[in-house]
Amino acid sequence: MLADGLVASTPTVDDVPALAAWWVVAAGVAVGMLFLATDHVLRATLCFGGSLLLAAVLRVTLPGSKAGGIAVRGPLVDLVILVGLGVAVLVTGFTLDLTAR
């Protein structure tokens, strides 16, 4: 209870803006771009792959109307594509030979 006798409401999924999930994923990609610009390739790989996997989790957990720009096809198709791309980025990035020659 609040001081005026009002009850504080807890936030629900309905309170989330429609493009909030997209902005979270875009922020992860932007951090990855900063790492890539400063020659931290492995950290950039982790940010890019992690952002794709986070997008997959958000796509499955949020309803289509709240998933915003990450809801392109059906939830299952989006999940398979995002997880596949995320794993491919992580595997490719961590198998790079980054030793100076």
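## Basis of the model

Because the model is predicted, local features need pLDDT of at least 70 and side-chain atom pairs count only at pLDDT 80 or more, while totals for chains, interfaces and linings use all residues. Residues are numbered from 1 along each chain as its sequence is written, and side-chain values use heavy atoms, with hydrogens and water left out.

## Overall fold

The protein has four helices and zero strands, in the order α-α-α-α along the sequence. Helices (H or I, at least four residues) and strands (E, at least two) are DSSP runs, numbered from the N terminus.

Of the 101 residues, 22% count as buried; buried means under 20% relative accessible area, exposed over 50%, and partly exposed in between (1.4 Å probe, protein chains only). Contact means heavy atoms within 4.5 Å. Among the contacts with a separation of 6 or more, 59% are between residues 24 or more positions apart.

## Nonpolar core

A nonpolar core is a set of buried Ala, Val, Leu, Ile, Met, Phe, Trp, Tyr and Cys residues joined through side-chain atoms within 4.5 Å. The largest one has nine residues: Ala21, Val25, Ala55, Ala56, Leu58, Leu62, Ala67, Ile70 and Leu82. Helices α1 and α2 (41-61) each supply at least two residues of this core, and α2 gives the largest share, three residues.

Leu82 is one of the core residues. Apart from its neighbours within four places in sequence, Leu82 is in contact with Leu52, Ala55, Ala56 and Arg59.

## Largest pocket

The largest pocket has a volume of about 150 Å³. On a 1 Å grid over the protein atoms alone, a pocket is an open set of points where a 1.4 Å probe fits, with protein on both sides within 12 Å along at least five of seven lines; lining residues have an atom within 4 Å of a point. Grid points are joined across faces, edges and corners, and the volume is the space filled by probe spheres set on the points.

Trp22, Val25, Ala55, Gly69, Ile70, Val72, Arg73, Asp78, Ile81, Leu82 and Leu85 line this pocket. Two or more lining residues come from each of α1 (20-37) and α4 (75-94), and α4 gives the most, with four. The lining divides into eight nonpolar, one polar and two charged residues. Here Ala, Val, Leu, Ile, Met, Phe, Trp, Tyr, Cys and Pro count as nonpolar, Asp, Glu, Lys and Arg as charged, and the others, Gly among them, as polar.

## Selected residues

Asp78, in helix α4, counts as buried because its relative accessibility is 3%. Leaving aside neighbours within four places in sequence, Asp78 is in contact with Arg59, Ile70, Ala71, Val72 and Arg73. Ala44, in helix α2, is also buried, at 1% relative accessibility. With the neighbours within four places in sequence left aside, Ala44 is in contact with Gly32, Phe35 and Leu36. Ala44 and Gly93 are 49 residues apart in sequence and 8.7 Å apart in space, C-alpha to C-alpha.

Asp39 lies in the loop between α1 and α2 and counts as exposed at 67% relative accessibility. Most residues other than glycine have a negative phi. Asp39 is not a glycine, yet has a positive phi of about 60°.
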